[in-house]
Amino acid sequence: MPNSRPPSASRSLVCLLAALAALGPFSIDTYLPSFQDIGTSLGATPLQVQQTLTSYLLPFALMTLWHGAISDALGRRRVILVSVALFALASAGCMFATRIEHLWLLRALQGMTAGAGLVICRAIVRDLYEGASAQRLISQVTMMFALAPAIAPVLGGWLQSWFGWRSVFAFLVLNSVVLWLSCWFLLPETLPRHQRQSLRVGYLTRSYWKVLTSPAFLLTCSALAFNFAAFFIYVLSAPVFLMRHLGVPATGFLWLFGPAMTGLMIGAWSSDRLAGKLSPACTIAIGYLVMGTAATLNLILNLVLPPALPWSVLPLFGFTLGMSLAMPCLTLRALDLFPEQRGLAASCQTFLQSGFNTLAAGLIAPALWGSTLTLAFGMGGLLLLGAFAAIIQQWRMSPKLQLACLP
């Protein structure tokens, strides 16, 4: 039974869970400023370099389907330690890649292991907490997690300028070694042996079928995936959006990630403050109102003004604020559908979102990054899909859509 009160070591646990969840974003955002240098060094075309992102995201998505189920059977701590160690080895291999094909393969290995922290930290939260306490912890993790995408491209840009693209992967090695040591000494095992699940094929097949055919689960995960993709297309398009359309140098990626991650942090802080004061449904509704306002403003600015700083990036602040305000409640809504299989449910949730991110990286972002206006239309369209999924799910829960603003 989850605890209603947080443990005394909750601050160190929040920091550790945030660092684990941030491992995936760090391995994407840190090397974005190095795309041009990677292409020159390895004799690769811009499209081939872009595919290092796709080769990372596809295995990331596929393996997130299994991290949680494995941790349900073997324990959270053991899976985390093995995954972080393998990520460090893959990052070391990327440092010494001499062909773009080598980088594709090693990025795939990074993707296979980087998602364990993101998946399992959600399961750990629900192992320990329930209700408003769980919402608060996820919000606190999100606030700290938001620092990674803000810092990573800036740090990557400076490493690129000083030492070249290989130094970015050297940094990822160092970061993952420190993270592994922190997990060894600080990460508790939160899943008792008597609560662990089977890895038998029959049991897993039935469990995955139950989760992945649940309309309530699929609608909630679709809302999360579309909301995130509406912002993520800007991350995927960052080299083109910033350097080509806005004329920003390789060290200026903070223009995108600064406002966006500040919004993410403020939205997560707001969700933390509202936990237990407003109902989850009301918090989600407010989040969509903020996202919709930001997406509409983004479209208007791109219709009436030429691409330029700061107005081309300001709406991202409002959008990520609304997104992170709604995200903890949507995440818990999905996990709470399967209380005895939280790890597996967290895996399926992350798999669906990561799978859509892979589609966004390979098809959606390249189709939209031709102009800032098409990116704005993409944001608006993806948000509408997310809002539609959330409304349908709320209607299924309450046909009269009674979004009471009391817990």
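At what angle do helix H10 and helix H15 pack, and how far apart are their axes? Keep in mind that this is a predicted model. H10 covers residues 215–236 and H15 covers residues 342–368. Their packing angle is about 40°, and the axes are 8 Å apart. That makes H10 oblique to H15. The crossing of the two is right-handed.

Now the residues. On the H10 side, the contact includes Phe 217, Leu 218, Cys 221, Leu 224, Ala 225, Phe 228 and Phe 232. On the H15 side, it includes Ala 345, Cys 348, Leu 352, Phe 356, Ala 360 and Ile 364. Gln 349, Gln 353 and Asn 357 of H15 also take part. By class, the H10–H15 contact has 20 nonpolar residues, 3 polar and no charged.

Next pair. Helix H4, residues 76–95, meets helix H8, residues 166–186. Their axes come within 8 Å, and the crossing angle is roughly 160°. Angles over 145 degrees count as roughly antiparallel, so H4 is roughly antiparallel to H8. This crossing is left-handed.

From H4, the contact takes in Ile 80, Leu 81, Val 84, Phe 87, Ala 88 and Met 95, among others. H8 supplies residues including Phe 169, Leu 172, Val 173, Leu 179, Trp 180 and Trp 184. Arg 77 of H4 and Arg 166 of H8 are in the contact too. The H4–H8 tally is 17 nonpolar, 2 polar and 2 charged.

On to the aromatics. How many aromatic pairs does a search of the whole structure find? It finds 14. One of them joins Trp 66 and Tyr 208. The geometry is edge-to-face, with 5.1 Å centre to centre and 65° between the planes. Trp 66 sits in helix H3, residues 46–74, and Tyr 208 in helix H9, residues 201–212. The pair therefore ties together parts that are 142 residues apart in sequence.

Last, some backbone details. Helix H12 runs over residues 254–274, which is 21 residues. From first C-alpha to last it reaches 29 Å, close to the expected 30 Å. Just after H12, Gly 276 has a positive phi of about 85°.

And which residues does a cis peptide bond join? Leu 309 and Pro 310, with omega about 5°. Pro 310 lies in the loop between helix H13, 280–304, and helix H14, 314–335. For context, most peptide bonds are trans.

Terms used: Residues are numbered from 1 along each chain as its sequence is written. This is a predicted model: local features need pLDDT of at least 70, side-chain atom pairs count only at pLDDT 80 or more; totals for chains, interfaces and linings use all residues. Side-chain values use heavy atoms; hydrogens and water are left out. Axes are lines fitted to C-alpha atoms, for helices over the stretch in contact, and angles run from 0 to 180 degrees between N-to-C directions. Helices (H or I, at least four residues) and strands (E, at least two) are DSSP runs, numbered from the N terminus. Angles under 35 degrees count as roughly parallel, over 145 as roughly antiparallel, 65 to 115 as roughly perpendicular and the rest as oblique. A crossing is left-handed if the near helix is turned anticlockwise from the far one by less than a right angle, and right-handed if clockwise. Contact means heavy atoms within 4.5 Å. Ala, Val, Leu, Ile, Met, Phe, Trp, Tyr, Cys and Pro count as nonpolar, Asp, Glu, Lys and Arg as charged, and the others, Gly among them, as polar. The expected span of a helix is 1.5 Å times one less than its number of residues. Rings of Phe, Tyr and Trp (its six-membered ring) pair if their centres lie within 6.5 Å; planes under 30 degrees apart count as stacked, over 60 as edge-to-face and the rest as tilted.
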